[in-house]
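Hi everyone, thanks for making time this morning.

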Amino acid sequence: MTGWLFYSVLALIFWGFWGIFNKIASSHLPCWAIFWVELFVYLIVGVFIWGLLRTPVAWTLPGLASAIAAGFSGGLALFFFLKALSLGPATVVVPLTSLYPLITVVLGAVLLQESLTLRHLAGIILAAGAVWLLSK
């Protein structure tokens, strides 16, 4: 298994657990409290990973600005995801919000001029169909 595929599968597995743990937490805590607990744990995990890797960083303005924008987008997405989970079933909320790569694919094609093939479009349609089937 290639490096990117291995890490993609690990992310998939951990995000699967992340979704179910968030649903359980949303039955016991308000979404803002879950958000803060997760943020604290993310910092601990980040410090641990940084300690293991200790890779030097060549800071650039575009890199820093994009990382800040990603943090802003991710923070808002997490809060709204937690709010949705507190109001709806995980079996619908998690698959629906998991369609976020479709937004990335479209933005990648429009803003970064990345190629969007018929195969990609078929994947988008199938993913949207899968979420529709899961939500019924």
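**Two loops, then the helices**

I'll start with glutamine 113, which sits in the loop between helix 5 (100-111) and helix 6 (118-135). Before going on, a word on what you're looking at: this is a predicted model, where local features need pLDDT of at least 70, side-chain atom pairs count only at pLDDT 80 or more, and totals for chains, interfaces and linings use all residues. Residues are numbered from 1 along each chain as its sequence is written, and side-chain values use heavy atoms, with hydrogens and water left out. When I say helix, I mean a DSSP run of H or I with at least four residues, while a strand is a run of E with at least two, and both are numbered from the N terminus.

Glutamine 113 has a positive phi of about 55°, although it is not a glycine. Most residues other than glycine have a negative phi. Glutamine 113 is exposed, because its relative accessible area is 62%; the cut-offs are under 20% for buried, over 50% for exposed and partly exposed in between, with a 1.4 Å probe and protein chains only.

Where else do we find a positive phi in a residue other than glycine? Arginine 54, with phi near 45°. Arginine 54 is in the loop between helix 2 and helix 3, and at 56% relative accessibility it counts as exposed.

Now the overall picture. The chain has six helices and zero strands, and its C-alpha trace spans about 50 × 45 × 30 Å along the principal axes. Buried residues make up 16% of the 136 residues. Taking a contact as heavy atoms within 4.5 Å, 68% of the contacts between residues at least 6 apart in sequence join residues at least 24 apart.

Which residues make up the largest nonpolar core? Nine of them: Cys31, Ile34, Phe35, Leu78, Phe81, Leu82, Leu85, Ala90 and Val93. A core here is a set of buried Ala, Val, Leu, Ile, Met, Phe, Trp, Tyr and Cys residues joined through side-chain atoms within 4.5 Å. Helix 2 (31-53), helix 3 (61-87) and helix 4 (90-97) each give two or more residues to this core, and helix 3 has the largest share, with four. Cysteine 31, not counting residues up to four places away in sequence, touches Phe79, Leu82 and Lys83.

Let's stay with helix 3. Its buried residues are Gly75, Leu78, Phe81, Leu82 and Leu85, and their cover includes helix 1, helix 2 and helix 4. The 27 residues of helix 3 should span 39 Å at 1.5 Å a residue, and the end C-alpha atoms are 39 Å apart, which agrees; the expected span is 1.5 Å times one less than the number of residues.

Finally, helix 1. Leaving aside neighbours within four places in sequence, asparagine 22 contacts Ile34, Glu38, Phe81, Leu82 and Leu85.

Tyrosine 7 also lies in helix 1, residues 3-26, but at 55% relative accessibility it counts as exposed. Tyr7 belongs to a nonpolar surface patch, whose members include Trp4, Phe17 and Ile24.

That's my tour, so over to you for questions.

Note on methods
Patches are made of residues with over 30% relative accessible area and no salt bridge: like charges are joined within 9 Å, nonpolar side chains (Val, Leu, Ile, Met, Phe, Trp, Tyr) within 5 Å. Accessible areas come from the Shrake-Rupley method with a 1.4 Å probe; for residues, only the protein chains shown count as cover. A salt bridge is a side-chain nitrogen of Lys or Arg within 4 Å of a carboxyl oxygen of Asp or Glu.
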